[in-house]
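Trainee: I have this one open for the first time. Can we walk through it together?

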Amino acid sequence: MKKLESSLLNMVLVLVGVALIMGGLLALVNHATHEKIDQQAEKALADGIKKVMGTDKLQVTAKDTVAVTDKKGKTIEYIINKVADEKGNELGAAVESTTMGFGGDLKVLVGFNLEGDILGYTLLAHAETPGLGAKADTWFQKDQKGDIIGKNPGKAKDPEKGLTVSKDGGEVEAITASTITSRAFLNAVNEAYNVYLNKNTDAHTGATKVANNKKEEVL
């Protein structure tokens, strides 16, 4: 009986030891991969800002996080990356905007000049259908069918609604067979414009100043 109890105790100790070792290894792997993923995300954002602002010669001078409460009571966060040229002259901002698309969240980065004209855009993340909704990455680019570059949501046919698809009486051609995605994309662009020009009344802002590649809280 004592031998059986001893064997059971040994098995438990071995299993606990293995679990602790495996847990430690998983924590180390998670830490290493998480840091790498964060670095890749930061690089993708930095490259995206240059793309949507149309120049490599820029600096991000501040990041403002704006929390907006929508009509359903849901809080949505937008990030305004304020941009200046190498001499410190303001160029506008690259705004991170997320909305619900056909397949899931659709995250867009939109570049605006000081007047709110769209300089460019890129998709940071999406779950849209390949070959259909996923075309949003190129469909609304310059000289494409749904071109929004140079447009200003505040100067649309209906400034209150901003840019809308032609099926809704707007001036933007929707992606073929992907009207839902098109509406979602334009909603993300319009909301990015609204928070950039402070047109959202139910918004709370947290400002972060960027200097010498370090973030400093603005009091």
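Trainee: How many aromatic pairs does the structure hold?

Mentor: The structure holds 4 aromatic pairs. Rings of Phe, Tyr and Trp (its six-membered ring) pair if their centres lie within 6.5 Å; planes under 30 degrees apart count as stacked, over 60 as edge-to-face and the rest as tilted. One of the pairs is Phe112 with Tyr196, which is stacked at 5.6 Å centre to centre and 15° between the planes.

Trainee: Where do Phe112 and Tyr196 sit in the chain?

Mentor: Phe112 is in strand S4 and Tyr196 in helix H3, 84 residues apart. Helices (H or I, at least four residues) and strands (E, at least two) are DSSP runs, numbered from the N terminus.

Trainee: Are Phe112 and Tyr196 buried or exposed?

Mentor: Both are buried. Buried means under 20% relative accessible area, exposed over 50%, partly exposed in between (1.4 Å probe, protein chains only). Ring pairs also join Phe112, Tyr193 and Tyr196 into a cluster.

Trainee: Before I go on, what kind of model is this?

Mentor: It is a predicted model: local features need pLDDT of at least 70, side-chain atom pairs count only at pLDDT 80 or more, and totals for chains, interfaces and linings use all residues. Residues are numbered from 1 along each chain as its sequence is written, and side-chain values use heavy atoms, with hydrogens and water left out.

Trainee: Back to the inside. Which residues have the most contacts inside the largest nonpolar core?

Mentor: Phe140, Ile148 and Phe185, in a core of 34 residues. A nonpolar core is a set of buried Ala, Val, Leu, Ile, Met, Phe, Trp, Tyr and Cys residues joined through side-chain atoms within 4.5 Å. Helix H3 gives the most to this core, with 9 residues. Apart from it lies another core of 8 residues, among them Ile49 and Leu109.

Trainee: What is Phe140 in contact with, beyond its neighbours within four places in sequence?

Mentor: Its contacts (heavy atoms within 4.5 Å) include Tyr121, Ile148, Val172 and Phe185. Phe140 and Phe185 also form a stacked pair, 4.3 Å centre to centre with 10° between the planes.

Trainee: Why does that pair tie together parts that are 45 residues apart?

Mentor: Because Phe140 lies in the loop between H2 and H3, while Phe185 is in helix H3. Phe140 counts as buried, at 0% relative accessibility, and Phe185 counts as buried at 0% too.

Trainee: And the whole protein, how many helices and strands?

Mentor: There are 3 helices and 7 strands, in the order α-β-β-β-β-β-α-α-β-β along the sequence. Buried residues make up 36% of the 219 residues.
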